[in-house]
Amino acid sequence: MGDLLDKFQPLIDQREALLSTGITDPFNLVMERVVSPTVAVCNGRETILLGTYNYMGMTFDPDVIAAGKQALDEFGSGTTGSRVLNGTYRGHRDCEDALKHFYAMDHAMVFSTGYQANLGIISTIAGKNDYIILDIDSHASIYDGCALGNANIVPFRHNDVEALEKRLKRIPEGAGKLVILEGVYSMLGDIAPLKEMVAVSKAAGAMVLVDEAHSMGFIGENGRGVAEAEGVIDDVDFIIGTFSKSVGTVGGFCVSNHPKFEILRLVCRPYVFTASLPPSVVATAATSIRKLMDGADKRAHLWENSKKLHAGLKALGFALGTDTPQSAIIAVIMPNLEQGAAMWEALLNEGLYVNLARPPATPANMTLLRCSLCAEHSSDQVDQILAMFTAAGRATNCIR
Ligand SMILES: Cc1ncc(COP(=O)(O)O)c(C=O)c1O
C-alpha cells in the first residue's frame, strides 16, 4: 500500500535540514502574551510585532472589546448554524450594514473568513464556459476559488496591463468574463495599477472583482482601498475583504452594487454550508469598521511609519520588494531560505517579530522577511526596529 504522505518527503527533508542547524522554527512561534497591537511576549521576552497585518491597531480598541463582551453576554458564544438557517443574528445584519455604509454600496455579505469569501464568490459567479482572467501572483484563496468552480482560468503577468488586455482580446466572443485583481499584493507590498486595469477590463465587457484585503482601512481617502485611491471604485463589480487585518478580528466579506447580488446567499456553497461567525466576532467587526471610517489621523500616521521604515531599510542596504513605499507592507528580500531563517531568528533575538515567507507563497521563488506596519507603532518603535535590523543584518552578514 502506498503511503499517501510520501509526496511530502522533499518538504520534510528540507525542514529537517533547516532545523538541524539549531535554528528556531520560524513557522512554530508561540505568542505567550499579547500586550498591545504592537508588543507581545515571545520566548519569555517582550517583542515588537512587525508582522501581524493589524494595520490599524484595532485589536485592543476599548470600544471594540466592549462590543464583543456585550455580545458574548447577550447572544452566547456561537450561533451553531448556517447564515441561511439559524445562524443570522441581529449582529450579522448590523455588521453587513456597517460594511454597506463604509463602502457606500448597496449590498454586503459576511463570510466566516476572507478565504471563504474568495472561495464562495469566485466559484459561484464564474461558471462553466465563463472565463476568469487573473493576475498570476493572486492569493491562494483566489486560486482555490477558481479550483472550486468550473470556469476557464487565464492568468496574466503580474501587474501587466498590456498582458491583461491581450488575454481579454483572445477570449471567445460572448463568453462571460471575470477579471480578478488585488489592491495590494501582500508578498511584495506593491499596489495594482487599478485605473488602467479596470479600464481595459470594462472596455472588453468583463466584470471586475478586487480583493482589498491589505488596503481596507488604510488606503484611499475613506480607507476603502486602492480602487478608491485610483478613482475606480464605481467601476468595480465586487470588492472582497477580510476582518483579519485592519478590522482586527476574523471574518470575510463581499460588497457590491449589483442588483442581483442577494441571490448569492442561496447559491454560494462556502456561505451556505458552514457555521456563521460568533456574535462576539460580528459585534467587534461592526464596531471596528464604524471606527475605521473616522481613521484619517491613523491613516496619516501609518503612511509616515511606512515611509520611515522603507527609507531606513533602504539606507541600510537591504533589497526591498518595492522602490518606494506603496502600502503598509515592506518586504525585505533575502538571498535564500537559510539566510532568511537566520536573519529572522537574529531579529527575534533582538526582540522583533517579522513574517518569514517562502515559496510557494512568494513570487519568483523568493525568500522574504515581510514587515507589516501598524498605525499604533510609535515613531520611536520604528527607530528601534531599524536599530534591530542593523544589528541582526550585521550579525548574519546580510549587510555590512
Ligand atoms: C489577498 C488576500 N485575500 C484573502 C485573504 C484571506 O483572508 P482571511 O484571513 O480572512 O481568510 C488573505 C489573507 O491572508 C489575503 O492576503
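Trainee: How many bridges pair β13 and strand β16?

Mentor: Strand β16 (residues 367–372) and β13 are joined by six bridges, and they pair in the antiparallel sense. Helices (H or I, at least four residues) and strands (E, at least two) are DSSP runs numbered from the N terminus, and two strands pair if DSSP finds at least two bridges between them. One point before going on: this is a predicted model, in which local features need pLDDT of at least 70 and side-chain atom pairs count only at pLDDT 80 or more, while totals for chains, interfaces and linings use all residues. Residues are numbered from 1 along each chain as its sequence is written.

Trainee: Which residue in β16 is the bridge partner of Val 332?

Mentor: The partner of Val 332 there is Leu 369.

Trainee: What is the strand order of the open sheet with β13, β16 and β15?

Mentor: The order is β13-β16-β15, an open sheet of three strands with antiparallel pairing. At its edges stand β13 (329–334) and β15 (355–357), each of which pairs on one side only. From one strand to the next, the twist averages 25°; axes are lines fitted to C-alpha atoms, for helices over the stretch in contact, and angles run from 0 to 180 degrees between N-to-C directions.

Trainee: Which helix packs on that sheet, touching β13 and β16?

Mentor: Helix α12 (residues 296–316) does, and its direction makes about 15° with that of β13. Contact here requires C-beta atoms, placed from the backbone, within 7 Å. Helix α13 (residues 337–350) lies across β13, β15 and β16, and runs at about 35° to β16.

Trainee: Changing topic, what is the order of the open sheet of seven strands?

Mentor: That sheet has the order β4-β12-β11-β10-β7-β5-β6, and its pairing is mixed. Its edge strands, pairing on one side only, are β4 (107–111) and β6 (152–156). The twist there averages 20° from one strand to the next.

Trainee: Do β7 and β10 run parallel or antiparallel, and how many bridges join them?

Mentor: Strand β7 (residues 177–182) and β10 run parallel, with five bridges between them.

Trainee: Next, the helices: at what angle do α6 and α7 pack?

Mentor: Helix α6 (residues 161–170) and helix α7 (residues 194–203) pack at about 10°, with their axes 10 Å apart. The two are therefore roughly parallel to each other, a term for angles under 35 degrees.

Trainee: Which residues make the contact?

Mentor: From α6, Val 161, Leu 164, Glu 165 and Leu 168 take part; from α7, Glu 196, Met 197, Val 200 and Ser 201 do.

Trainee: Finally, how many residues surround the ligand?

Mentor: There are 14 surrounding residues, and the closest are Thr 113, Gly 114, Tyr 115, Ala 213 and Thr 242. A residue counts if its C-beta atom, placed from the backbone, lies within 6 Å.

Trainee: Which helix gives the most to that shell?

Mentor: Helix α4 (residues 114–125) does, contributing three residues to the shell around the ligand.

Terms used. Two residues are in contact if their C-beta atoms, placed from the backbone, lie within 7 Å. Angles under 35 degrees count as roughly parallel, over 145 as roughly antiparallel, 65 to 115 as roughly perpendicular and the rest as oblique.
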